[in-house]
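Work through the exercises below with the sequence and the structure in view. Try each task before reading its solution.

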Amino acid sequence: MAGLIKKTTSLVGLAVSQNPHERLRILYSKILASLQAIPPDAAYRKYTEQLINERFNIIKTEPDVAKLEQKISCGQIEEVIHQAECELSLSRKMVEWKPWEPLIEEPPPNQWKWPI
């Protein structure tokens, strides 16, 4: 892994990560573990698993942080870490909310129609 080159992210409230590869490995492993509680055919699980696996493979193969940022193409590595933390939180909430289950009762007429 390349040494720290930057002293700041230039983003308020977002400090430079000392060990971004390890942090992302941990977060992505937790996200993948959390997704196991969701049915395999649920759209959220399919697409989130696909994205996380792609990024996980990039992290495993690219030791340079600058190249890693380019390959992931979602901003600075600290922003990617923040996104992963938010995704982990969301995946745990999705397990709790169970949006793949059918509605408890039928929705009112025209609820899903816009504009009315």
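**Exercise 1: Surface and overall form**

Task: State the accessible surface of the protein and the share of it that belongs to carbon and sulfur atoms.

Solution: The accessible surface is about 8,100 Å². Carbon and sulfur atoms account for 56% of that surface. The model is a predicted one.

Task: List the elements of the protein, then decide whether it is a compact globule or more spread out.

Solution: Begin with the elements: there are 4 helices and 0 strands. Read from the N terminus, their order is α-α-α-α. Next, take the radius of gyration, which is 18 Å. For 116 residues the globule rule gives 13 Å, and 18 Å is well over this, so the protein is more spread out than a compact globule. Along the principal axes, the C-alpha atoms fill a box of roughly 60 × 30 × 20 Å. As for burial, 30% of the 116 residues count as buried.

**Exercise 2: Helix α1**

Task: Check the span of helix α1 against its number of residues.

Solution: Helix α1 covers residues 20-35, which makes 16 residues.

Task: Find which residues of α1 are buried, how they are arranged around the axis, and what covers them.

Solution: The buried residues are P20, H21, L24, L27, Y28, I31, L32, S34 and L35. Looking down the axis of α1, these buried residues fall within an arc of 160 degrees, so they line one face of the helix. In an α-helix there are 3.6 residues a turn, so residues three or four places apart point the same way. The cover over the buried residues of α1 includes α2 (43-61), α3 (65-72) and α4 (77-97).

**Exercise 3: A residue of α2**

Task: Is E49 buried or exposed, and which residues does it contact beyond its sequence neighbours?

Solution: E49 is part of helix α2. Its relative accessible area is 19%, and buried means under 20%, so E49 is buried. With neighbours within four places in sequence set aside, E49 contacts L32, L35 and Q36.

**Exercise 4: Cysteines**

Solution: C74 is partly exposed, at a relative accessible area of 28%. C86 is also partly exposed, at 42%.

Key. Residues numbered from 1 in each chain as written. Predicted model: local features only at pLDDT ≥ 70, side-chain atom pairs only at ≥ 80, totals over all residues. Heavy atoms only, no water. Helix = DSSP H or I, 4+ residues; strand = E, 2+ residues; numbered from the N terminus. Expected span 1.5 Å × (residues − 1). Buried < 20%, exposed > 50% of the residue type's maximum accessible area, 1.4 Å probe, protein only. Arc of directions from axis to C-beta. Contact = heavy atoms within 4.5 Å. Rg over C-alpha atoms; globule rule 2.2 N^0.38 Å. Areas by Shrake-Rupley, 256 points an atom, 1.4 Å probe, with all protein chains shown as cover.
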